[in-house]
Amino acid sequence: MARRKIQREEKYTFEKEGQSVTGKLIEIGQYEFPRDGGVAVVGRYVLANDDGRLVVLGTSELDSMMAQVTMGETIEIKYTHATTTGSGRPFKHWDVEVIEDEPEEAK
């Protein structure tokens with residue numbers, strides 16, 4: 001009987017400016033969490049790379065950038081810096097790049 005191993009998903013946490021992760025976008029969903037007596041919703045992105053399956057949780061800025069990425073594309077998400085909102089919350093800023101394959105004739 002054939003078997004298929006289920007891969008563990010690990011949440012990838014960006015802690016330092018300049019930190020990045022690269023992988024193929026294989027799943028897009030939503031993540032809900034309590035905030036200010038209500039519920040906030042951000043994107044939940046699963047990337048596959050040589051390390052396995054990594055879950056990246058969105059922010060308002062990251063979610064708007066990820067809306068431009070197509071499922072199956074290989075991307076790099078980089079945490080560039082943080083600022084503080086008017087309400088005193090930290091606000092992370094991002095760079096997202098799609099890594100495109102080079103055409104065969106360019107290799």
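The tour goes from strands to salt bridges, then to rings and one histidine.

**Before you start**

This is a predicted model, in which local features need pLDDT of at least 70, side-chain atom pairs count only at pLDDT 80 or more, and totals for chains, interfaces and linings use all residues. Residues are numbered from 1 along each chain as its sequence is written, and side-chain values use heavy atoms, with hydrogens and water left out.

**Stop 1: strand E4**

Select residues 52–57, which are strand E4. Strands (E, at least two residues) are DSSP runs, numbered from the N terminus. Five of the six residues of E4 are buried, so the strand is largely enclosed by the rest of the structure. Buried means under 20% relative accessible area, exposed means over 50%, and partly exposed is in between (1.4 Å probe, protein chains only).

Two strands pair if DSSP finds at least two bridges between them. Look for Glu-9, which stands opposite Arg-53 in E4.

E3 and E4 run antiparallel, paired over six bridges. A hairpin of two residues joins E3 to E4. Zoom in on Asn-49: its bridge partner in E4 is Gly-52.

**Stop 2: salt bridges**

How many salt bridges does a search of the whole structure find? The search finds three. The criterion is a side-chain nitrogen of Lys or Arg within 4 Å of a carboxyl oxygen of Asp or Glu.

Select Glu-27 and Arg-44. Their side chains meet in a salt bridge at 3.2 Å, N to O. Glu-27 is partly exposed, at 31% relative accessible area.

Move to Arg-89 and Asp-36, which form a salt bridge at 2.3 Å, N to O. Arg-89 is in the loop between E5 and E6, Asp-36 in the loop between E2 and E3, and the two are 53 residues apart. Arg-89 is partly exposed at 30%, while Asp-36 is exposed at 65%. Shared partners join Glu-27, Arg-44 and Arg-53 into one network.

**Stop 3: rings**

The structure holds four aromatic pairs. Rings of Phe, Tyr and Trp (its six-membered ring) pair if their centres lie within 6.5 Å; planes under 30 degrees apart count as stacked, over 60 as edge-to-face and the rest as tilted.

Select Tyr-12 and Phe-14. The pair is edge-to-face, 4.9 Å centre to centre, with 75° between the planes. Phe-14 is buried, at 5%.

Select Tyr-79 and Trp-94. Their centres are 5.6 Å apart and their planes are at 45°, so the pair is tilted. Tyr-79 is buried at 6%, and Trp-94 is buried at 6%. Ring pairs link Tyr-12, Phe-14, Tyr-79 and Trp-94 into a cluster.

**Stop 4: His-93**

Finish at His-93, in strand E6. His-93 counts as buried, at 16% relative accessibility. Its side chain makes a polar contact with that of Thr-83, at 3.0 Å. A polar contact is a pair of N or O atoms within 3.5 Å; within protein, one must be able to donate a hydrogen and the other to accept it, and residues adjacent in sequence count only if both atoms are side-chain atoms.

Key:
Helices (H or I, at least four residues) and strands (E, at least two) are DSSP runs, numbered from the N terminus.
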